[in-house]
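Biologist: Hi, I'm new to this one. Could you walk me through it?

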Amino acid sequence: MPRVHVMPDALASQVAAGEVVERPASVVKELVENSLDAGAKELRVESQRGGVALVKVSDDGCGMDREDAVLSLERHATSKLRDKEGLTTITTLGFRGEALPSIASVSRFRLTTCEHGAVAGTEIVVEGGRLRDVHEAGCPPGTTVEVRDLFYNLPARRKFLRSEATEAAHIDYQVRLHALSCPGTRVIYRKEGRVSFDVAATDDRRVRIGDLTGRQNLGKLREVPFLEHPGMAVSGYLLPPDEARKSRRGQYLFLNGRPVEDQVVWRALGEAHRGALVEGRHPGAWLWLEIDPLLVDVNVHPSKREVRFHRPAELRALILEAVEDTLRPERKGSSGLTGKAGSKALPVRSETSAGDGEKPSEAGVETRSRETGSQVSVIGSSGTGALLRDERSAPSEPQTWRAEVQEEFPPEEEETGAPSFRVVGILEDRYLLLEASDGLVLLEGEAARERILYENFLEGAKNGAMDSQGLLVPLLLELEPRDADVVSRNAENFRDSGMEVEPFGGVTIQLRSMPVLLKAADPRSLLLDLVDELVNSAEGRSGRVLAFEKFAGELARVGARGERCRVELAQSLLNELFACDQPYCTPGGRPTLIQLSSSELRRKFGK
Ligand code: ADP
Ligand code: MG
């Protein structure tokens, strides 16, 4: 059995480096955090070959004297934490005193630092954890750390690094992330010798967001106004739900200035968007949380990326309230989703693009339609009068673009908020094909109807005036006991949605009226389908009463089943859809519209 021994310091640092320094981007993170902790007002970050050849971070922060500089390279040397009590009230980004020695143990490392007002600075050279040189150096106030040849002495670690491009992308993300956290600091980032970005200091977070993520976002940002609950507060910005992405890459959370990731917050953010998001999408968000340091433990993750909140339920409530407040005015207002930015383009993301990076085109709709006027004949040929497709045309007809319509909708955006589309045709009775300002849009009839019904039910119930129509002959239905039970539990929900249902002895119920909105549906099958859905829902199984929103969602889904798209009704369907607050998805999160952008079409055709 080998004897237990204490590791030499250099080895201990290398082991610690395994946790702290995962990849070049972690070096960037640690150095940038140190600079920000030092009060930098100007921060320069440089990387070469994905950070493997060089990571260099310079700041104009407080700097260190010679003694501190040497000490900073000792393990567990920190100026930021003195005692156990301090650990519960940490306000700096660092506190473990591990980063510098860890980094220095796995690279060729040079630290140059000078305090403000000092005559001379200090330069320290370390190689693979071995102190090579300490000398006086002339340098501007502040600190510069150069890290070269990362993992040169740990070939196994180096092998695990990904391609330079991937590592560079991680660095890029890290620098942007930190730059977002400190708008008051100018940040200059050079990559492979060229300036990648240089963002000026500002006291406006919006400006920083715009500088880093594209100014086209600025007009779309919605402010989450400062909201305070005991011990915690939040503020920030959101992008509209229709710009939501498949990954969480567009979501940024800063806790007391520290970029972190947190499931409590992200879940609450998603919850607040209920019904407004296509499933699996995440809305762009920049949230700044201020939390009493006593209520949060930042010392639970090696790189402090995750934290632990002591009162997650309160945090969830705070985020929910703040985000719901932000979304609310829009829900009442006009179409909302088409945005205050005034873009007429359809802000739906295309199915096949990964959901990232595609900007809706700003092209003027009318001009474009006029430009493409000559192409119309390719699609249809019989002039504007022939609105109806031939009902008898063989279903197996190879040409599935069955409509012969070139009617253009009047530009109605001001009134309805709807982007203007030109109806191109109907596909399989299910899809409306539309020419948009940027490519082809497919609208799915059932999904659109579901959204329309849902919002109408909610609106009707809110005003206590759901239009309903008595049945000529009330319908008697004998149900299984379990089904009858669900109906009686939800009697109020039925009433609020314009369906009068009464017990009729035993397990028989009587349906006396139907909402006008559903007048086309067969009451019997609709009711039975609805009962099935209710029984199968979580609440149905648990014996609870459904919240009206949920009930209305089920009713809308059942009521929309079998919706057929018809060319002559296309316009009114579009108008109804775009009168909705959230036209782009069903309450359950299915998209109502998908878009194939012009560029995507060209790409698919190999152009
Ligand atoms: P931590 O940040 O956890 O304290 P580090 O190893 O990252 O540990 O840094 C050790 C110490 O070195 C810090 O506590 C700080 O006093 C000093 N230091 C590091 N970087 C800088 C810098 N850029 N400017 C001034 N002081 C620095
Ligand atoms: Mg640090």
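**A walk through the model**

Modeller: Let's begin with Asp429, which sits in the loop between strand 16 (422-427) and strand 17 (431-436). Keep in mind that this is a predicted model.

Biologist: Thanks! What is the phi of Asp429?
Modeller: Asp429 has a positive phi of about 65°, although it is not a glycine. Most residues other than glycine have a negative phi.

Biologist: And how accessible is Asp429?
Modeller: Asp429 is partly exposed, with a relative accessible area of 21%.

Biologist: What about Arg49, what phi does that one have?
Modeller: Arg49 is not a glycine either, and its phi is positive at about 50°. You'll find Arg49 in the loop between strand 1 (42-48) and strand 2 (54-59). Arg49 is partly exposed, with a relative accessible area of 46%.

Biologist: Let's switch to strands. How many residues of strand 4 are buried?
Modeller: Six of the seven residues of strand 4 (residues 121-127) are buried, so the strand is mostly covered.

Biologist: In which sense does strand 4 pair with strand 3?
Modeller: Strand 3 (residues 108-114) and strand 4 pair in the antiparallel sense, over six bridges. For a pair to look at, Arg108 has Glu127 in strand 4 as its bridge partner. The hairpin of these two strands has six residues between the strands, and Gly117 there takes a positive phi near 85°.

Biologist: And how many bridges link strand 4 and strand 5?
Modeller: Seven bridges, with strand 4 and strand 5 (residues 130-137) again pairing in the antiparallel sense. Val125 stands opposite Asp133 in strand 5. Strand 4 and strand 5 form a hairpin too, with two residues between them. In that turn, Gly128 has a positive phi of about 55°.

Biologist: Now helices. At roughly what angle do helix 2 and helix 6 cross?
Modeller: The axes of helix 2 (residues 24-37) and helix 6 (residues 164-181) cross at roughly 20° and come within 8 Å. That makes helix 2 roughly parallel to helix 6. Their crossing is right-handed.

Biologist: Which residues meet there?
Modeller: From helix 2, the residues include Val28, Val32 and Leu36, and among those they meet in helix 6 are Ile171 and Val175. The residues of this contact of helix 2 with helix 6 divide into seven nonpolar, four polar and three charged.

Biologist: How do helix 14 and helix 16 lie relative to each other?
Modeller: The axes of helix 14 (residues 481-489) and helix 16 (residues 523-536) come within 10 Å and cross at roughly 90°. Helix 14 and helix 16 are therefore roughly perpendicular to each other. Arg482, Asp483, Val486 and Val487 in helix 14 meet Val531, Leu534 and Val535 in helix 16. The residues of that contact divide into five nonpolar, no polar and two charged.

Biologist: And how do helix 13 and helix 18 cross?
Modeller: The axes of helix 13 (residues 445-463) and helix 18 (residues 548-560) come within 8 Å and cross at roughly 140°. That makes helix 13 oblique to helix 18. Helix 13 passes helix 18 in a right-handed crossing.

Biologist: Last one: is Gln510 buried or exposed?
Modeller: Gln510 is buried, with a relative accessible area of 11%. Gln510 lies in strand 21 (residues 508-515). Leaving aside neighbours within four places in sequence, its contacts include Pro474, Leu476, Val501 and Phe504.

Terms used
Residues are numbered from 1 along each chain as its sequence is written. Chains are lettered from A and ligands numbered from 1 in the order in which they are written. This is a predicted model: local features need pLDDT of at least 70, side-chain atom pairs count only at pLDDT 80 or more; totals for chains, interfaces and linings use all residues. Side-chain values use heavy atoms; hydrogens and water are left out. Axes are lines fitted to C-alpha atoms, for helices over the stretch in contact, and angles run from 0 to 180 degrees between N-to-C directions. Helices (H or I, at least four residues) and strands (E, at least two) are DSSP runs, numbered from the N terminus. Angles under 35 degrees count as roughly parallel, over 145 as roughly antiparallel, 65 to 115 as roughly perpendicular and the rest as oblique. A crossing is left-handed if the near helix is turned anticlockwise from the far one by less than a right angle, and right-handed if clockwise. Contact means heavy atoms within 4.5 Å. Ala, Val, Leu, Ile, Met, Phe, Trp, Tyr, Cys and Pro count as nonpolar, Asp, Glu, Lys and Arg as charged, and the others, Gly among them, as polar. Buried means under 20% relative accessible area, exposed over 50%, partly exposed in between (1.4 Å probe, protein chains only). Two strands pair if DSSP finds at least two bridges between them.
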